[in-house]
Amino acid sequence: MAQSKRYSRRRFLRNMALASGGATLTATHGKLGLMRSALAATGNYSNLTDYKSLVCVYLFGGNDGFNMFVPNTTDEYDQYAAIRGSLSIPRASLLTTTGDQFGFHPAMPNVRDLYNSGRMAVLANVGTMLEPTTREGIQNGSAVLPPDLFSHSHQTEMWHTNKPPIDGITQDGWGGRMADLLEEANSNPLVPPTFTVFGQNNWQAGSFTEQFALNTFNGAEPFLFLTDSGTLPWEASRAQAWNQLLSAYDSNILVREVGSSFSRARDQIAEVTAALDQAPAITTAYPANNFFAAQMKVVAEMIAVREILGMKRQLFFVGIGNWDTHGSQLVVHDRNLETLDAGLKSFNDTMDELNVADSVVSFTMSEFGRTLTVNGDGTDHAWGSHALMMGGPVIGNAVYGTMPQFVLNGPDDVGDDGRLIPTTSLDQYAATLSKWMGIEPSDIAQLYPNVANFGTSDLGFLT
């Protein structure tokens, strides 16, 4: 009975927060749409008993998925090599997959092995879309396209929010909107379900839940000079003085809110820090000098203390920069893929070590792919690209979606330089992940309204 009352109160407070937040933006249809979506949520997520988490791996800059995962049959490879020229990966160096139909970039031996063992899958040619789009529709002007298709900032925002950007408005992300619903499943009301190891991001921005930022090397960092750790004699009096300052002007609602926010953040940090102090030692080896791998180890540590923190659902965000390969692509892209490959391998091994491999799914996103044509020794901004999904629930050793045709001026080309039109939408990708997390079909329809424009909301790559 007490648990039922707690969740009823939490849902009430969430809806009130959503309503009050939306009331200040009455001129913004996107925010009001989000408010209506959250208030119309039909699923009861407080009764989820299993554990699941998503790990979003964002590749900032636009990953060249077509050099990451390459066709290996003779005709298709020859088409690819003819267009890519000096940037094509030699066929003999490709790390071939089961059946030899495709090959991974030579810098990704671990990913290839994960793929062949059924732990990894590829989502072909996915991108931001509002509706199914064809070359003919683009050329005759009838296609409804996402705005600013080749802009880093706008397409990053759309990948994170699955909504067209609105000038001057920060929109909630589809991960954050999931967290607004799934937060009910967690028994600890103090700690949010969303954790970032790569700074604040739109993907985890919710109307009710907040992102908890973790340090790559220190986990949950305390407020410097304002915390009583019990080790120095003056810390207690200093912390007491700070608390008095926070409460000195409690008649002012804004000052009171600042004090409340600070106190809440400090309590959250203390809770997470205490949990991490009890975390089991991870014995899996992680590569040195690999910032991405270091982030993934922090995620693994947070998963290890899920029960201490009362977590049934968690959403993590990590990132790797420098994927905008306008020049020196063969060197830069090779190094990035090697970094990604090593970090994914160590994380997968850790999930086995923690015996949670069947409860965790990692997936990549990047704002767009690259042109098939070469600009000298690099590529330019394009549209569709390939994504990776990893984990025990992934039905791996398979390609999902439709592979594009590597033909300039062909049916998948926006124009004449190999900016390929996506054949699978971000909304379908997100909806598939959300369904696995336990989001009800009616709420998926609210979270991803554009998914109704496509053939299916479940791409089938998760058990």
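Predicted model: local features only at pLDDT ≥ 70, side-chain atom pairs only at ≥ 80, totals over all residues.
Here is the chat that followed.

User: Great. How many helices and strands in the protein chain?
Analyst: The protein chain has 15 helices and 12 strands. Both are DSSP runs numbered from the N terminus, with helices being H or I of at least four residues and strands E of at least two.

User: And how much of the protein chain counts as buried?
Analyst: Of its 463 residues, 53% count as buried. Buried means under 20% relative accessible area, with exposed over 50% and partly exposed in between, using a 1.4 Å probe and protein chains only. The chain exposes about 19,000 Å², and carbon and sulfur atoms supply 53% of that; the areas come from the Shrake-Rupley method with a 1.4 Å probe, and for residues only the protein chains shown count as cover.

User: What about contacts across the sequence?
Analyst: Taking contacts between residues at least 6 apart in sequence, 74% join residues at least 24 apart. Contact here means heavy atoms within 4.5 Å.

User: Let's zoom in. Is helix 7 enclosed or open?
Analyst: Helix 7 (residues 152-161) has seven of its 10 residues buried, so it is largely enclosed by the rest of the structure. The buried ones are Q155, T156, E157, M158, W159, H160 and T161.

User: What covers those buried residues of helix 7?
Analyst: The cover includes strand 1 (52-59), strand 5 (120-127), helix 8, strand 8 (313-320), strand 9 (360-365) and helix 14.

User: You mentioned helix 8. How many of its residues are buried?
Analyst: Nine of the nine, so helix 8 is largely enclosed by the rest of the structure. Among them are W174, R177, D180 and L182.

User: How does helix 8 pack with helix 14?
Analyst: Helix 8 (residues 174-182) and helix 14 (residues 426-437) pack at about 25°, with axes 11 Å apart. That makes helix 8 roughly parallel to helix 14; angles under 35 degrees count as roughly parallel, over 145 as roughly antiparallel, 65 to 115 as roughly perpendicular and the rest as oblique. The axes are lines fitted to C-alpha atoms over the stretch in contact, and angles run from 0 to 180 degrees between N-to-C directions.

User: Which residues meet there, in helix 8 and helix 14?
Analyst: W174, M178 and L182 of helix 8 meet L426, A430, L433, S434 and M437 of helix 14. By class, this contact has seven nonpolar, one polar and no charged residues.

User: Switching topic: how do helix 11 and helix 13 pack?
Analyst: Helix 11 (residues 291-304) and helix 13 (residues 329-353) pack at about 20°, their axes 8 Å apart. The two are therefore roughly parallel to each other. Residues in the contact include F292, M296 and I303 of helix 11, and L340, G343 and F347 of helix 13.

User: Last one: where is L459, and what does it touch?
Analyst: L459 sits in the segment after helix 15 (441-447), and at 16% relative accessibility it counts as buried. Not counting residues up to four places away in sequence, L459 touches L123, Y400, T424, Q428, Y429 and T432. L459 and G401 are 58 residues apart in sequence and 7.4 Å apart in space, C-alpha to C-alpha.

Definitions and conventions: Residues numbered from 1 in each chain as written. Heavy atoms only, no water. Nonpolar A, V, L, I, M, F, W, Y, C, P; charged D, E, K, R; others polar.
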